[in-house]
Amino acid sequence: MRPTSKFDLFWSFSLLALQGFGGVQAIVQRELIEKKQWLTKEAFMEDWAVAQVLPGPNVVNLSLMIGDRHFGTAGALAAMAGMLCFPSVIVLALVAIFSGLADLPQVQGALRGMGAVAAGLITAAALKLIPALRKNPMGLAACALLALLTLACVVLLHLALVWVLLLTGLPAYGWAYWQLRQRAAKSE
Amino acid sequence: MMAIEWGPLFAHFLSLSLMAIGGAITTVPDMHRYLVEQQHWLTQSQFTSSIAIAQAAPGPNVTFVALLGWNLGINAAASGQIAWLWGLLGALTTMVGFLLPSTVLTFLAARWCQKNRERLGVRAFKTGLAPVVVALLVATGWILASTPSAASAPWHPWLLSAAAMLLVWRTRLHLLWILTAGALLGWFGWV
């Protein structure tokens, strides 16, 4: 499956963004892999790796990449506009109209409740990607070790992402490079 | 009314753009340092409520950058001027500044990766980072779940996060229902 037009890109990413209360990260996977089926789990993970390593908001980077792949520069702009236009207008309208409302204890409670749910949604999104790691050429044991190491860097050591990428991303890259070269040599 | 230097403001957001590795939220400490502590262009409460509102509203969290710009514009408007026009000018300044460099870089880099996707270096990058990406998503969930609770029972938010996780993982229930349930539980003070 693929987007049918630039308008389809704009509209699909608008709808996707507008469902993303507490961030779009939690919903992007379900929409793109399960509903739209524009990407497989494996392809999503590859794109997400690029979107995450490059600077800028991850979901905006991802929309840009998918738009560009199907409809070139105009597609990239259409997808990115979809991701940003309506949410920006809504958030500005909210502040212009209800600026004092955020201080109410009930509203703060609701924000907290939605934050807790969003945390669960993002974790579930990650769990759903694990089966795709089985096909990873590095092997399941290496994948598990790298994932645990990354988790420890962020959750226990509170390292900034740049350092996490240097500490776990670089060895991961080296190991993957070596494994892929071994495979290529064997198949020749 | 407050004098805001728009040129330096735009330049600062341009430079922050390329530092936003891992998402817009990673640059929050530096924005706070510049806008609140150094220049005093925003108040502390304007800054924190911008982030809270953008996180709760639908859409990518980067909209908090537009809200910061909006507040800057409102603070800069002289009495008698149309404040919301200044707000829009502020929102455009910060948003365009913050997104332009990273967008151009991603666009060029992603094209290069796509064109060279058979290269060993590119394949190793994507293969190697797959488990790191999964772990970073789990870590994001963990960090969001560790936000301190105001409720009497501090385990309530954790239980809510865990329940949401199981529902999304194991059922096809629409995410909006789960978010609504979370909002209601929070509204009535359970979380």
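We'll go from the chain pairing to one helix pair, and then to the domains.

First, some ground rules: this is a predicted model, where local features need pLDDT of at least 70 and side-chain atom pairs count only at pLDDT 80 or more, while totals for chains, interfaces and linings use all residues. Residues are numbered from 1 along each chain as its sequence is written, and chains are lettered from A and ligands numbered from 1 in the order in which they are written.

Start by colouring the two chains: 86 residues of chain A are in contact with 84 of chain B (contact means C-beta atoms, placed from the backbone, within 7 Å). On chain A's side, select H5(A), which gives the most, with 24 residues (helices are DSSP runs of H or I, at least four residues, numbered from the N terminus). That side of chain A divides into 60 nonpolar, 20 polar and six charged residues (Ala, Val, Leu, Ile, Met, Phe, Trp, Tyr, Cys and Pro count as nonpolar, Asp, Glu, Lys and Arg as charged, the others, Gly among them, as polar).

Next, select residues 140-156 of chain A and 120-145 of chain B, which are H6(A) and H6(B): their axes come within 8 Å and cross at roughly 35 degrees (axes are lines fitted to C-alpha atoms over the stretch in contact, with angles from 0 to 180 degrees between N-to-C directions). Show side chains here: Leu146(A) and Val154(A) are among the residues of H6(A) that meet H6(B), whose own include Pro131(B) and Trp142(B).

Last stop, chain B: colour domain 1 (6-112) and domain 2 (148-191), bounds that come from an automatic or database domain assignment. Their centres, taken over C-alpha atoms, are 30 Å apart.

How values were computed. Helices (H or I, at least four residues) and strands (E, at least two) are DSSP runs, numbered from the N terminus.
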